[in-house]
Amino acid sequence: MQKGQSMVEFALIVPFFVFIFLMISYMGLLFLDYLTFSDIARSSAREAALGGTAQYETIRSKYISAYNNGDLAHTHLYEWGSFTIQDADSSEMADAVQVKIELDLNQKNDYMVSMGLPDKLTINYSMHKETQ
């Protein structure tokens with residue numbers, strides 16, 4: 001065996017493992033953001049189904065301000081694109097509320113983020129309105 005062979009092998013392999021570790025970490029952060037915004041969509045749909053159409057803007061602004069104030073667990077990998085709450089327009093879900101959240105990749109992040117993550121996430125959630 002030659003002297004320094006293990007040092008060369010180490011230098012060749014370490015960047016690959018660091019890259020894999022960072023990609024796994026970023027996927028975990030992506031999953032955290034997805035779960036947070038999915039919970040926002042579900043909670044918004046639930047509140048809108050109970051509160052009626054007059055509450056849609058109040059619900060929407062409540063979650064946007066909670067996001068902006070840092071009250072929600074998120075990583076800033078994604079930022080708000082659009083957030084809509086509306087009555088369902090299909091005949092199958094005539095008595096339902098639909099929530100749609102579109103998230104855009106935060107371009108202020110580093111190069112690693114933009115290399116492997118999707119540019120846009122869309123979360124749709126529907127819930128039947130409750131009659132009282």
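Modeller: Two strands count as paired if DSSP finds at least two bridges between them. Keep in mind that this is a predicted model.

Biologist: Over how many bridges do strand 2 and strand 3 pair?
Modeller: Strand 2 covers residues 96-105. Pairing needs at least two bridges. Strand 2 and strand 3 meet that in the antiparallel sense, and the number of bridges is nine.

Biologist: Which residue of strand 3 is the bridge partner of Gln98?
Modeller: Strand 2 spans residues 96-105, and strand 3 is its antiparallel partner. For Gln98, the bridge partner in strand 3 is Ser126.

Biologist: And in strand 2, what is the bridge partner of Gln86?
Modeller: Strand 1 and strand 2 run antiparallel. Nine bridges join them. Gln86 has its bridge partner in strand 2, and that residue is Gln98.

Biologist: What is the strand order of the open sheet?
Modeller: The sheet has three strands with antiparallel pairing. Strand 1 (78-87) and strand 3 (120-128) are the edge strands, each pairing on one side only. Neighbouring strands are turned by 15° against each other on average, direction ignored. The order is 1-2-3.

Biologist: How many residues of strand 2 are buried?
Modeller: The cut-off for buried is under 20% relative accessible area. Across the protein chain of 132 residues, buried ones make up 31%. Strand 2 is mostly covered, and of its ten residues the buried ones number seven.

Biologist: Which pattern does the protein chain follow along the sequence?
Modeller: The secondary structure comes to three helices and three strands. Read along the sequence, they give α-α-β-β-α-β.

Biologist: At about what angle does helix 1 run to strand 3?
Modeller: Helix 1 takes in residues 5-51. This helix lies across strand 1, strand 2 and strand 3. Its angle to strand 3 is about 30°.

Biologist: Which strands does helix 2 touch?
Modeller: Helix 2 is formed by residues 56-69 and packs on the sheet. Its direction makes about 165° with that of strand 1. The strands touched are strand 1 and strand 2.

Biologist: What share of contacts between residues at least 6 apart in sequence join residues at least 24 apart?
Modeller: A contact here means heavy atoms within 4.5 Å. Counting those in the protein chain between residues at least 6 apart, the share that joins residues at least 24 apart is 62%.

Biologist: Why can Phe16 count towards a surface patch, and what is the accessible area of that patch?
Modeller: Phe16 sits in helix 1. A patch residue needs over 30% relative accessible area and no salt bridge. Phe16 passes the area test because its relative accessible area is 48%, which makes it partly exposed. The nonpolar patch has Phe16, Phe17 and Ile20 among its members, and its accessible area together is about 790 Å².

Biologist: What share of the accessible surface of the protein chain belongs to carbon and sulfur atoms?
Modeller: The accessible surface of the protein chain comes to about 8600 Å². The carbon and sulfur share is 58%.

Biologist: How far apart are the closest N and O atoms of Asp39 and Arg42?
Modeller: Both residues lie in helix 1, three residues apart, about one turn of the helix. Asp39 is partly exposed at 40% relative accessible area, and Arg42 is partly exposed at 35%. A salt bridge needs nitrogen and oxygen within 4 Å. Asp39 and Arg42 form one, with a closest N and O separation of 3.0 Å.

Biologist: How many residues apart are Lys129 and Asp87?
Modeller: Their side chains meet in a salt bridge at 2.8 Å, N to O. Lys129 is in the segment after strand 3 and Asp87 is in strand 1, so the pair links distant parts of the chain. Lys129 is partly exposed at 28%, and Asp87 at 33%.

Biologist: Is Glu102 buried or exposed?
Modeller: Glu102 forms a salt bridge with Lys100, the closest N and O atoms being 3.3 Å apart. Lys100 is partly exposed at 32%. Salt bridges that share partners join Lys100, Glu102, Asp104 and Lys120 into one network. The relative accessible area of Glu102 is 19%, so Glu102 is buried.

Notes: Residues numbered from 1 in each chain as written. Predicted model: local features only at pLDDT ≥ 70, side-chain atom pairs only at ≥ 80, totals over all residues. Heavy atoms only, no water. Helix = DSSP H or I, 4+ residues; strand = E, 2+ residues; numbered from the N terminus. Axes fitted to C-alpha atoms, helices over the stretch in contact; angles between N-to-C directions. Patch = residues over 30% accessible without salt bridge, like charges linked within 9 Å, V, L, I, M, F, W, Y side chains within 5 Å. Areas by Shrake-Rupley, 256 points an atom, 1.4 Å probe, with all protein chains shown as cover. Buried < 20%, exposed > 50% of the residue type's maximum accessible area, 1.4 Å probe, protein only.
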